[in-house]
Amino acid sequence: MTGQEKGGTLSPDRVIRSYPVASLHAGPESEPPKISRPKISRIAWLTGRLTAGQGHCHIRSSDMSSTMTDTATPSQPDNSPDNPANALLHPELPALDERLATSLFRDGRSFDRWKPLPVSDETLRTVYDLARLGPTSGNSCPARFVFIRHPEAKQKLRPALSSGNVEKTMQAPVTVIVAHDPLFYDRLPHLWPYEDARDWFVHNAALAEETAIRNATLQGAYLLLAARAVGLDAGPMSGFDRAKVDAAFLMPQGWRSEFLINLGYGDPEDLPPRAPRLTFKEACEIL
Ligand SMILES: Cc1cc2nc3c(=O)[nH]c(=O)nc-3n(C[C@H](O)[C@H](O)[C@H](O)COP(=O)(O)O)c2cc1C
């Protein structure tokens, strides 16, 4: 990395190349890109996610990006630069933003101690609005999040925590309950309008539960990384009594808790050295 890059100026060879959006889904350059009508439609639909709301969710029309219009035909996609669908949203960003990779992963730690700095509603909304863009199967978006910030709500959480998690959680500016909605499939006519996806789950409780847990857990991880992306630190926890958390916070909505994440600005004092991770050879196979 050059000094210039460290200072934020991009060297020309690291500026992202201007791929038309449609070609990102295409085969080799010699072949005409194959892109079907449903896939193009999905690009536009992908911006429609559940929004942070007060007990309800809705699509905001302002979220439908004007750069993602359905202009291509199945046989002849329009890859010309004049097509607004081909505009890059952030052409100024480098292909791999090293600083972001460092914030998300290399410097990202599980914090136990927190600086006494507040986290605003606006920051929490930004975190959610990033996290909701992460992929889920069938765009099912089963995760629900309860942000516990008020001291009274924190005290309500206290009896559900394992003893080792009490102090750090009481100190953290915000604790998020990552939960899933067992009836997530009722939103599928809106979130996945291409076919009757609700029908896949409504008569199959085991599949619904498996799908909800898998995808809500993924969404919790997206939320943790989104928090790091906006400069927050995180401390995930599974040491708590799920039944108590569900009874105290999730009964009215019928949601089920998965895990907790403390959020705030971490105090690195006393942060232990990073524990080892498995090497590529130990944990991965390429077949
Ligand atoms: C799902 C999950 C549950 C966790 N539960 C707890 C917990 O109950 N208490 C705790 O102190 N740390 C908990 N942790 C934190 C892990 O111990 C920590 O992420 C791991 O040691 C790696 O630390 P690092 O992120 O600082 O490298 C949990 C982490 C995850 C992802």
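The text below takes the helices and then the ligand shell.

The model is predicted: local features need pLDDT of at least 70, side-chain atom pairs count only at pLDDT 80 or more, and totals for chains, interfaces and linings use all residues. Residues are numbered from 1 along each chain as its sequence is written.

Helix α9 covers residues 205-229; helices (H or I, at least four residues) and strands (E, at least two) are DSSP runs numbered from the N terminus. From first C-alpha to last, the 25 residues of α9 reach 35 Å, close to the expected 36 Å, where the expected span is 1.5 Å times one less than the number of residues. G231, which follows α9, has a positive phi near 95°.

Helix α3 (residues 98-106) crosses α9 at roughly 125°, and the two axes come within 9 Å. Axes are lines fitted to C-alpha atoms, for helices over the stretch in contact, and angles run from 0 to 180 degrees between N-to-C directions. The angle makes α3 oblique to α9 (under 35 degrees is roughly parallel, over 145 roughly antiparallel, 65 to 115 roughly perpendicular, the rest oblique). In the contact (C-beta atoms, placed from the backbone, within 7 Å), L100, S103 and L104 of α3 meet L225, R228 and A229 of α9.

Around the ligand (C-beta atom, placed from the backbone, within 6 Å) are R109, S110, G164, N165, P236, M237, S238, G239, F259, R274 and A275. Both α6 (163-171) and β3 (233-237) supply at least two residues of this shell.

Technical notes:
Two residues are in contact if their C-beta atoms, placed from the backbone, lie within 7 Å.
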